[in-house]
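Please open the structure in your viewer and keep the selection tool ready. This tour moves from one selection to the next and says what is there at each stop.

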There are 2 protein chains.
Amino acid sequence: MRADARKNRQRLIDVAVELVLEVGGEPARDAVAERAGVGIGTLYRHFPDRQSLLHAATRHVLEKSISAGEALIETVPDGVDALRQYMHMALDNGIGAVNILHPLLEKPDWPDLRARAAMLMESMVDRAVRQGSLRNDLSERDIVFGLTRFARPLAVGLPSDEERSLAHRHLDFYLDGLCAQDPGPAQPAISGIR
Amino acid sequence: MRADARKNRQRLIDVAVELVLEVGGEPARDAVAERAGVGIGTLYRHFPDRQSLLHAATRHVLEKSISAGEALIETVPDGVDALRQYMHMALDNGIGAVNILHPLLEKPDWPDLRARAAMLMESMVDRAVRQGSLRNDLSERDIVFGLTRFARPLAVGLPSDEERSLAHRHLDFYLDGLCAQDPGPAQPAISGIR
DNA sequence: AAGTAAACGGAGGAATATCCTCCGATTATG
DNA sequence: CATAATCGGAGGATATTCCTCCGTTTACTT
């Protein structure tokens, strides 16, 4: 494979992730090619059918996040720290794109990755709970849910780097909440709301 | 105004909010009319130009949430409780639609509402901070940011009522985090991530 | 109960957005 | 320098969304 070809391919994947996050759904193919600075023909050569680009993008983000996470679980002894670092890292990797794309892809061809991700987060949660520093009613699915809350830019009219730093800040607040074993002042039953 | 006309008008607004949340952006007009069970002509009669439906929908949600919030601040003495109840209530009112639509509407014609909302949340935050039960580095904008994280269904393939109840649960976690004055175990500086 | 103005519904053509093929021009590599 | 691989983007095909128009139906008045 020629060097320029490989470079273009990767660039297309990166741009795809970017745009998926911005748009909150499948971006127009033309838009991906344009932002990547390549012709449309190039995009279609690398990713011929409807979804192969999105597949590739998802796979890319997932692989990067999972292997970094697996490293973290080895090197960071404190469970909550590991979880915290994992979530911040995944956020920066664009993990939100995976959540957006997952329901749109017809034949997700990575049962392996899905399983690895689930296992990874289960271990993290388990360990942190055993260490007594995390609420004990949390599961891997809660972590996914929480992560997705902060993993996408939700248009509020902010410049994107400010949005990013706010997301990190609030993700930390959220994690503090997951650690709070005895949630401060009593929470009253709220009539008719939940 | 004839009774059926008013009913249809309100129904269109409600459906619009629903669809904005589902789609995460401007829904197709045809889709709104169809789900509302009225003809397209009816939609265009009530909301002739491009954005008047979206304006009306935003205004509706905002007004409902703000006046309920203003009542809460009178009746609930504890600052954090008031904030908590306000956020859960706004979430159920579809406040997420406001965040989605705000950047899309060209000439937001409700400077009044925006100001009222900001003032409302500032009071809530201020009071809770003064009472010593909320972090003291939070502003009204943080609350908006946090609220929007939980206020929209982010497609993860869940049935919508399960998604809703998860959102409420995790909003509570998040709020616990906003209360945590001394966030448990020391947070290490994370190298190269933020 | 009948008259009537107001409201309704939806077919269908216009406008727009997106897709994706095709082929001549360009460039990396031996 | 040759040449095979790669690139770029014009443009026709398709799909989606918009929104007018007018014949039909319905709520309200007297």
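**A helix and a loop residue**

Begin by selecting Gly132(A), which follows helix H7 of chain A and has a positive phi, near 80°. Keep in mind from the start that this is a predicted model.

Next, select residues 111-130 of chain A, which make up helix H7, a helix of 20 residues that reaches 28 Å from its first C-alpha to its last, close to the 28 Å expected at 1.5 Å a residue. Within H7(A), colour the buried residues, which are Leu113(A), Ala117(A), Leu120(A), Met121(A), Met124(A), Val125(A), Arg127(A) and Ala128(A). If you turn the view to look down the axis of H7(A), these buried residues fall within an arc of 165°, so they line one face of the helix.

What covers the buried residues of H7(A)? Select helix H4 (52-75), helix H5 (79-93) and helix H8 (140-150) of chain A, which are included in that cover.

For the last stop, select Gln51(A), which you will find in the loop between helix H3 (40-46) and H4 of chain A. Is Gln51(A) buried or exposed? Its relative accessibility is 9%, and because buried means under 20%, Gln51(A) counts as buried. Leaving aside neighbours within four places in sequence, Gln51(A) is in contact with Leu104(A), Leu105(A) and Glu106(A). Zoom in on Leu104(A), whose backbone oxygen lies 3.3 Å from a polar atom of the side chain of Gln51(A).

Definitions and conventions
Residues numbered from 1 in each chain as written. Chains lettered and ligands numbered in written order. Predicted model: local features only at pLDDT ≥ 70, side-chain atom pairs only at ≥ 80, totals over all residues. Heavy atoms only, no water. Helix = DSSP H or I, 4+ residues; strand = E, 2+ residues; numbered from the N terminus. Expected span 1.5 Å × (residues − 1). Buried < 20%, exposed > 50% of the residue type's maximum accessible area, 1.4 Å probe, protein only. Arc of directions from axis to C-beta. Contact = heavy atoms within 4.5 Å. Polar contact = N/O pair within 3.5 Å; in protein donor to acceptor, adjacent residues only side chain to side chain.
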